[in-house]
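Q: Could you take me on a close look at the pockets of this protein, and at what lines them? I would like one connected walk through that part.

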Amino acid sequence: MVLTIHHLRVSTSERVIWLCEELGIPYELKSYDRSPLLAPPELKNLHPQGSAPVIQDGDLILAETSACVEYIAQKHGGGKLFLPPSHPNYADFLYWFHYSNGTLTPTVLRSMILKFAGVDSSNPTVQMSADRREKCLKCLNDRLKDNTWLAGDEFTAADVMTVFPLTTGRYFTQFSLAKYPNLVKYLGRVGERDAYKRAMEKGDPGLGLALGAESPTKPLV
């Protein structure tokens, strides 16, 4: 039975599609439009979490991006794009793999929620959130000064996990990367990957790739 990816358009589930394209793993893609902003009922009903991504593999139904990514890479990809404990960059890989959902994405999401709530930019909470986001971006920029990819010279699942809040995520909350040239160059390398281009065209056809220093000029919300 072919792996099924349930993808909410313009969402973090693009990462699961990208992973499968990188690994050459066959999959069936079922895409859903937002209704009006969050997942529609037919996607929410697949899993108690009620959000994307959701994957189906036989009788298994699994949610949570990092769990889906690790499951697919280990179960169907022979562990590719995951560094083993014996690898000299294993700790770096482990840190950056978890950094996205543990630190970066929640920080960007907080800024988005404050924007949706109409909180004034002069509010201390908004400023604190922005300061934390800039700290995240600086950490990434510093890491990429002497490294091609986050775990070193080798492209890994840590990169797959990290890109969304820096790119498509900026359709929801706008921020500039102009102060972080290493990060901008990194996104340029991402944009050169055929698997990334295929994944984005399949998951969100026609969506402009937000790989430059500035956010998309026409945000979705």
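A: Helices α4 and α5 (124–143) each give at least two residues to the lining of the second largest pocket. Of the two, let's take α5 first: the largest share of that lining, four residues, comes from α5. Please keep in mind that this is a predicted model. In total, 13 residues line the second largest pocket, and those nearest its centre are Ser111, Leu114, Lys115, Val126 and Thr173. By class, the lining of this second largest pocket splits into four nonpolar, six polar and three charged residues. Its volume is about 190 Å³.

Now for the largest pocket, which has a volume of about 730 Å³. Its lining is made up of 28 residues, and Thr12, Arg34, Ser51, Ala52 and Leu109 are the closest to its centre. Helix α4 (residues 90–116) comes up again here: seven residues of α4 form the largest share of the lining of the largest pocket. Sorted by class, the lining of the largest pocket holds 14 nonpolar, ten polar and four charged residues.

While you have the model open, have a look at helix α3 (residues 65–75) as well. Its buried residues are Thr65, Cys68, Val69, Ile72 and Ala73. These residues sit on the same side of α3, because they cover an arc of only 120° around the axis.

Methods:
Residues numbered from 1 in each chain as written. Predicted model: local features only at pLDDT ≥ 70, side-chain atom pairs only at ≥ 80, totals over all residues. Heavy atoms only, no water. 1 Å grid on protein atoms, 1.4 Å probe; cavity = no way out; pocket = protein on both sides within 12 Å on 5 of 7 lines; lining within 4 Å. Points joined across faces, edges and corners; volume = space filled by probe spheres on them. Nonpolar A, V, L, I, M, F, W, Y, C, P; charged D, E, K, R; others polar. Buried < 20%, exposed > 50% of the residue type's maximum accessible area, 1.4 Å probe, protein only. Arc of directions from axis to C-beta.
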